[in-house]
Amino acid sequence: MEGGNFMYMIKITGVLAVMIGVVGLLDSWKKAMDQRLSFLADFCRLYKSGRFYLAQQKMKTPVFFDGFKGENEYFTKICRKISQNLIEHKYPQGAECWDMAWKKELNKYGFDSDTKRIINESGKYFFEISPDEMEERLLEYNRALEKKIENETLKYQEKRKVVYPVGMLGGIMLVIILL
């Protein structure tokens, strides 16, 4: 009887380990999706702030990027790096500084080519143009990214309807196989 209880406890432990693993995977997927949306939302905030502080208030670009605070801490760090690179004149043009700062990040988060294009193109409008054109272009890019966020949110909600149940069912099936 002791051996039977021991095997039963091992099986229960295995079931718990599998289910915890499945929940962990689902949670990490959710966090990755939330971070993507947070990153896009921070770009929208950056565009709105740029329109006000750079175009209307005539704030210096390095000061603007250094002072920008996004919801995503990593986004804020990249803005500070842009500021530092501008101050140190690491690149001949501000737009090049923008490109170098975001290129790796856009690939890391797996944004589609249109989203990358919007973000890459928008960078040049923070630098060396008239305030009116800056304000107009940043508004245009902000609207485009807001549409992207709306679409990403809808896709995320649809995927979540499938991923969560399938993930849990997959975990349950794995448990049944192991039993």
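D112, D114, R117, E121 and K148 are linked in a network of salt bridges, a salt bridge being a side-chain nitrogen of Lys or Arg within 4 Å of a carboxyl oxygen of Asp or Glu. The structure holds 15 salt bridges. This is a predicted model, in which local features need pLDDT of at least 70 and side-chain atom pairs count only at pLDDT 80 or more, while totals for chains, interfaces and linings use all residues. Residues are numbered from 1 along each chain as its sequence is written, and side-chain values use heavy atoms, leaving out hydrogens and water.

**Within helix α5**
- R117 and E121 meet through their side chains in a salt bridge (3.1 Å, N to O).
- Both residues lie in helix α5 (residues 113-122), 4 residues apart, about one turn of the helix; helices are DSSP runs of H or I with at least four residues, numbered from the N terminus.
- R117 is partly exposed at 38% relative accessibility, and E121 is partly exposed at 29% (buried means under 20% relative accessible area, exposed over 50%, partly exposed in between, with a 1.4 Å probe and protein chains only).

**Between distant parts of the chain**
- R36 and E152 form a salt bridge of 2.8 Å, N to O.
- R36 lies in helix α1 and E152 in helix α6 (residues 131-178), so the pair ties together parts 116 residues apart in sequence.
- Both R36 and E152 are buried.
- R45 forms a salt bridge with E71, their closest N and O atoms being 2.7 Å apart.
- R45 belongs to helix α1, whereas E71 is in the loop between α2 (61-67) and α3 (73-87), 26 residues apart.
- E71 is exposed, with a relative accessible area of 59%, while R45 is partly exposed at 29%.

Conventions:
Helix = DSSP H or I, 4+ residues; strand = E, 2+ residues; numbered from the N terminus.
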